[in-house]
Amino acid sequence: MVKVAIVILNWNGVKMLKRFLPCVLECSQGDAVVYVADNASTDDSVGLLKTEFPETRLILLDKNYGFADGYNRALRQIEAEYYVLLNSDVEVTRDWIRILTDFMDSHPDVAACQPKLLAENNRKAFEYAGACGGFIDRFGYPFCRGRILDTVENDEGQYDEVNEIHWATGACMMIRASDYWKAGGLDARFFAHNEEIDLCWRLRIMGRKIYCVPGSRVFHVGGGTLPKGNPMKTFLNFRNNLTMLYKNLPDKELRRVMSVRLFLDYVAALQTLIKGNVGDFRAILRGRMAFRKWKHEYGDMRRKIQDSRLNGNKKETYNHSIIWQYYARGRKKFSQLKNN
């Protein structure tokens with residue numbers, strides 16, 4: 001069994017592999033074994049890996065299982081103490097993996113952690129998808145230290161302390177293999193989007209901790225597969241986010257939160273329609289419809305998750321609306337948030 005397995009899930013990403021994999025191999029040498037799990041790519045990804053990067057361990061999947069089930073199927077074939085889920089469009093830095101490993105070794109109560117994520121195209125700014133660690137508000141809207149909604153901060157060292165967070169980004173997450181499987185892995189039905197938030201939430205319910213370790217830095221391109229504004233991305237985000245709330249919210253909060261989300265989602269749909277974005281308008285409605293259609297299938301899973309609750313009455317989400325804080329109160333930085 002290896003100690004650290006860096007696992008890059010690839011689908012038609014030959015350009016990203018050619019650009020970023022050499023850095024991963026160079027900066028991780030001696031600290032980890034690098035795997036590439038290929039989701040049945042139709043480009044020359046596999047040929048590139050075999051000819052130019054023979055030192056990587058290749059896992060071939062028979063079709064595109066998406067991010068969630070693709071990782072589940074790949075990780076079942078790897079024996080390691082720690083998995084690192086790493087996007088193919090991430091540029092790592094020297095010692096990035098050693099810093100994360102040392103932190104995990106010295107904190108057995110931590111299930112997963114992430115480095116500081118900066119934008120590859122603007123290296124002074126945080127990266128949208130992960131920044132310095134993720135949170136969600138009481139209605140399920142995600143935000144980060146360094147990024148709230150569409151406002152992304154420059155990195156000036158303001159979030160350089162090691163900090164407990166709600167979720168670590170799937171773009172670059174180190175997680176104990178034992179915790180990954182004890183929590184059930186990523187939800188395969190999600191396909192993509194919100195799956196890492198859902199997994200981290202389940203781990204926190206079980207009494208485990210999630211951290212950001214900013215001494216480790218990486219640079220992320222982001223948005224390569226489904227860029228912002230893509231109706232499929234909108235559909236997956238709404239469907240999966242509602243499902244995540246249904247699975248993980250405690251009984252005392254579930255009905256109220258879902259009622260407010262019903263209102264907020266229709267407001268969001270109306271706004272996209274007013275702006276002329278018919279694709280996203282339809283995607284939001286489809287997302288809600290898909291959630292209602294499969295909600296009953298998650299009944300047993302919800303009960304199992306609630307039965308695993310070990311954190312007592314500890315509040316699991318940010319106790320305010322990030323929408324209200326952002327638009328009504330003008331608080332667009334994490335450091336400005338009420339009771340952050």
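A salt bridge is a side-chain nitrogen of Lys or Arg within 4 Å of a carboxyl oxygen of Asp or Glu. The structure holds 22 salt bridges, and the model is a predicted one, in which local features need pLDDT of at least 70, side-chain atom pairs count only at pLDDT 80 or more, and totals for chains, interfaces and linings use all residues. Residues are numbered from 1 along each chain as its sequence is written, and side-chain values use heavy atoms, with hydrogens and water left out.

**Salt bridge**
- Glu 26 and Arg 94 form a salt bridge through their side chains, at 3.2 Å from N to O.
- Glu 26 lies in helix α1 (residues 14–28) and Arg 94 in the loop between β5 (90–92) and α4 (96–106), so the pair ties together parts that are 68 residues apart in sequence.
- Helices (H or I, at least four residues) and strands (E, at least two) are DSSP runs, numbered from the N terminus.

**Helix packing**
- Helix α7 (residues 231–248) packs against helix α10 (residues 299–307) at an angle of about 50°, and their axes are 8 Å apart.
- This makes α7 oblique to α10, as angles under 35 degrees count as roughly parallel, over 145 as roughly antiparallel, 65 to 115 as roughly perpendicular and the rest as oblique.
- Axes are lines fitted to C-alpha atoms, for helices over the stretch in contact, and angles run from 0 to 180 degrees between N-to-C directions.
- Tyr 246, Lys 247 and Asn 248 of α7 make the contact (heavy atoms within 4.5 Å) with Gly 299, Met 301, Arg 302, Ile 305 and Gln 306 of α10.
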